[in-house]
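Here's a quick walk through this protein for anyone meeting it for the first time. Have a look at the model, then read on.

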Amino acid sequence: MECISISHKTAASKEREKFYIPKEKAGDFLREVRAVMGVEQCVVLSTCNRTEIYVEGEENRFRELEKALETFSGRDGEQIRSLARRYQGKRALYHLFRVVCGMESMVLGEDEILGQTRDAYQSAKEAGDTGYELNSAFQAALACAKRVKTETMISKTAVSVATLAANEVARLSLSHKTVLLMGGSGQMGSIILKNLLSQKNIRIIATVRSHKGICQSGGAQVEHVDYQNRYAVLEEADVIISATASPHYTLTAGRVGAAMRSAKERLFLDISMPPDLDAQIGKLAHCRLVAMDDIKKLAEENNRRKQQAFADAEEILEEELEKLCKALAFHRFTQKDSHWKERYADFSAEKLLYLLRDELDSGSFEKVLMVLK
């Protein structure tokens, strides 16, 4: 397997935005990659923090993968080569496992990436873009992530991007808070909404495409307003959170400035890719804007507290990765030689042991003998 990756580790949010592949365009992008490269298996994983392309085999197709990103993004090839990391063979598998387990995330151990990877893989599989190699790799990585989540503290102590956003709201020293949430029905927005609902003395205004009334949950009041009326309710809000998948700004600085009549302090949280909120909002009086790059800084202290859980997860990862590598190696062997059973049918145990003794190093040969005891 081979992988090319542009992530928060190599690119700032403004650069990552250029390579973000929306879900509705992923299918067309995969078909183009397959046509140009001649591969049968391909999965694209694109989130607010990373865009990665996984393909079958080890044919050094990195130039073609870079070209695919260049065509899609309109970016210069030199820029892509400066931002992209390349993985091949076992290193590609290892990288995939770490990504799915949340060990490559901005916030170590965050849960969102597990669902995002599952969705990306499932979409590629349903479109016929996967086969034995990528099916085995992604299914093993997803299973490993579930085991890490169950057996270690890496997820239990994790603070996701959504939770960090909710924590910023909780830190505000107001007896009562009104939050305007845009994108509350999406994957990230629904997690934020759940976190907000656990807080006390909070009123939530959530935008929807059509009026749905008012509901109560956990003592918090949630009012639904039409998205078109978002500027009209802006004056009431102490916190404005945007978590949509919109290709356009949900709020612009000019209209925000015109909509605000009081001089109270307001917190704007933008956790979308591409960004939902006009960066100029942060320059308006009494407005503080926290965007994805700021969330990264908030995550650093949390990550330092998870080093033991990280080590435990690494042990599980190595164990599960070894199982996968053996399965893939055996599959390649049987595919190349469909008559291998017949060829070894009359192969004596003594002859096999002498062959293994001559070909393996002493440590590996001793392990074989231990298995045969």
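Let's start with a pair of helices. Helix 5 passes helix 7 in a right-handed crossing, meaning that the near helix is turned clockwise from the far one by less than a right angle. Helix 5 covers residues 90–100 and helix 7 covers residues 132–151; they pack at an angle of about 40°, with their axes 8 Å apart. That makes helix 5 oblique to helix 7 (angles under 35 degrees count as roughly parallel, over 145 as roughly antiparallel, 65 to 115 as roughly perpendicular and the rest as oblique).

Which residues of helix 5 meet helix 7? They are L93, L96, F97 and V100, and on the helix 7 side their partners are A137, F138, A140, A141, L142, C144 and A145. By class, this contact between helix 5 and helix 7 has eleven nonpolar residues, with no polar and no charged ones. Contact here means heavy atoms within 4.5 Å.

## Where the model comes from

This is a predicted model, where local features need pLDDT of at least 70 and side-chain atom pairs count only at pLDDT 80 or more, while totals for chains, interfaces and linings use all residues. Residues are numbered from 1 along each chain as its sequence is written, and side-chain values use heavy atoms, leaving out hydrogens and water.

## The whole protein

Zooming out, the protein has 15 helices and eleven strands (DSSP runs of at least four residues for helices and at least two for strands). Its C-alpha trace spans about 90 × 45 × 35 Å along the principal axes.

Of the 373 residues, 50% count as buried, that is, under 20% relative accessible area with a 1.4 Å probe. The protein exposes about 18900 Å², and carbon and sulfur atoms supply 51% of that. Among contacts with a separation of 6 or more, 70% come from residues 24 or more positions apart.

Most residues other than glycine have a negative phi, and most peptide bonds are trans. The bond from M273 to P274, however, is cis, with omega near 5°. P274 is found in the loop between strand 10 (266–270) and strand 11 (287–290).

N60 has a positive phi of about 55° without being a glycine, and its place is in the loop between strand 3 (50–55) and helix 3 (62–73). N201 also has a positive phi of about 55°; N201 lies in the loop between helix 9 (187–197) and strand 6 (202–208). Exposed or partly exposed? N60 counts as exposed because its relative accessibility is 51%, with the cut-off at over 50%.

Key:
Axes are lines fitted to C-alpha atoms, for helices over the stretch in contact, and angles run from 0 to 180 degrees between N-to-C directions. Ala, Val, Leu, Ile, Met, Phe, Trp, Tyr, Cys and Pro count as nonpolar, Asp, Glu, Lys and Arg as charged, and the others, Gly among them, as polar. Accessible areas come from the Shrake-Rupley method with a 1.4 Å probe; for residues, only the protein chains shown count as cover.
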